[in-house]
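This briefing describes one protein chain, grouped by topic. The sequence and structure come first.

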Amino acid sequence: VMRKRWRATRWKPRWLGWITPEFAHRVNLAERLQPSSGAQKNLNPSQAALYELLTHGFQYHVIEMEDRSVSRFCHEQRHPFRDRRMIELSFALPERQRLRKDQKFILRHAMRGVLPDVVRTRRDKAEFSDVMATALHSAGGQRLFKDFCVGSSTWVDGNRVRMMYEEMKQFHGSRDERYIHYVWPLWMIYTIELW
């Protein structure tokens with residue numbers, strides 16, 4: 001839905017508001033965020049979402065970060081769902097078998113007898129935004145973004161970043177899940193500042 005809206009209206013995602021318009025223009029940010037033009041036209045909505053997930057640069061960025069992290073402990077990651085045969089199977093699945101009652105039906109069915117039911121049928125998912133928000137508070141909160149180097153750059157709007165932190169803090173304090181929209185960009189800004 002977000003991609004359709006972006007394509008139709010050049011909608012700017014809220015989390016990009018901290019990037020200065022001058023910098024965004026200079027690096028052609030809007031063009032870089034356009035969906036891949038290589039997508040096939042005859043994909044159903046689930047296949048289109050899967051295609052975008054598999055071709056989006058952020059996925060490769062995350063995998064590379066994870067690989068670097070685990071290699072420090074002499075481990076090597078495997079990504080079985082990125083095996084070509086699994087991807088082909090995913091694209092070939094009839095829509096009625098892909099999801100049922102908001103569940104990944106085929107995967108849960110395939111794991112019957114392999115995983116304990118408490119794991120196989122769980123409906124929740126780990127979400128770490130609360131940990132990140134708490135870490136930002138503990139690391140200094142508003143002080144982090146008061147006189148930060150990144151904020152004096154030509155590509156970050158320091159005032160907007162400080163406003164984002166305040167809004168995140170208010171939402172997080174009142175247990176309003178809207179704080180999640182602010183956590184990732186603030187975390188990225190904070191880690192760039194540390195670097």
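A139 is partly exposed, with a relative accessible area of 29%; the classes used here are buried for under 20% relative accessible area, exposed for over 50% and partly exposed in between, with a 1.4 Å probe and protein chains only. The residue A139 is found in the loop between α10 and α11. This is a predicted model, in which local features need pLDDT of at least 70 and side-chain atom pairs count only at pLDDT 80 or more, while totals for chains, interfaces and linings use all residues. Residues are numbered from 1 along each chain as its sequence is written, and side-chain values use heavy atoms, with hydrogens and water left out.

- Leaving aside neighbours within four places in sequence, A139 is in contact (heavy atoms within 4.5 Å) with L144 and Y190.
- A139 and Y190 are 51 residues apart in sequence, and their C-alpha atoms are 9.7 Å apart in space.

**Overall make-up**

- The protein has twelve helices and two strands, where helices (H or I, at least four residues) and strands (E, at least two) are DSSP runs numbered from the N terminus.
- Along the sequence the pattern reads α-α-α-α-α-α-α-β-β-α-α-α-α-α.
- Of the 195 residues in the protein, 24% are buried.
- Among contacts in the protein with a separation of 6 or more, 55% are between residues 24 or more positions apart.

**Aromatic pairs and a charge over a ring**

- Rings of Phe, Tyr and Trp (its six-membered ring) pair if their centres lie within 6.5 Å; planes under 30 degrees apart count as stacked, over 60 as edge-to-face and the rest as tilted.
- By this rule there are six aromatic pairs.
- One of them joins F23 and W155, whose ring centres are 5.8 Å apart and whose planes stand at 45°, so the pair is tilted.
- This pair links distant parts of the chain, 132 residues apart: F23 belongs to helix α2 (residues 21-26), and W155 to the loop between α10 (129-138) and α11 (158-173).
- W155 is partly exposed, with a relative accessible area of 24%.
- The rings of F145 and F148 have centres 5.6 Å apart and planes at 85°, so this pair is edge-to-face.
- F145 and F148 are both buried.
- W18, F23 and W155 are linked into a cluster by ring pairs.
- The charged end of R82 sits over the ring of Y60, 5.7 Å from the ring centre; the criterion is NZ of Lys or CZ of Arg within 6 Å of the ring centre and within 35 degrees of the ring normal.

**Helix packing**

- Two packed helices are described by the angle between their axes and the distance between the axes.
- Axes are lines fitted to C-alpha atoms, for helices over the stretch in contact, and angles run from 0 to 180 degrees between N-to-C directions.
- Helix α4 (residues 45-55) packs against helix α6 (residues 84-92) at an angle of about 155°, with the axes 9 Å apart.
- That angle makes α4 roughly antiparallel to α6, given that angles under 35 degrees count as roughly parallel, over 145 as roughly antiparallel, 65 to 115 as roughly perpendicular and the rest as oblique.
- The α4 side of this contact consists of Q47, L50, Y51 and L54, and the α6 side of I87, S90 and F91.
- α4 and α6 cross in a left-handed sense, meaning that the near helix is turned anticlockwise from the far one by less than a right angle (right-handed if clockwise).
- The axes of α10 and α11 come within 11 Å and cross at roughly 120°.
- That makes α10 oblique to α11.
- This contact involves D130, A133, T134, L136 and H137 of α10 and Y165, M168, K169 and H172 of α11.
- The crossing of α10 and α11 is left-handed.

**R160**

- R160 lies in helix α11 and is buried, with a relative accessible area of 17%.
- Not counting residues up to four places away in sequence, R160 touches G17, W18, E167 and Y182.

**Positive phi outside glycine**

- C74, a residue other than glycine, has a positive phi near 60°.
- C74 lies in the loop between α5 (57-71) and α6 and is exposed, with a relative accessible area of 73%.
- R175 is likewise not a glycine and has a positive phi near 60°.
- R175 is located in the loop between α11 and α12 (180-194) and is exposed, with a relative accessible area of 78%.
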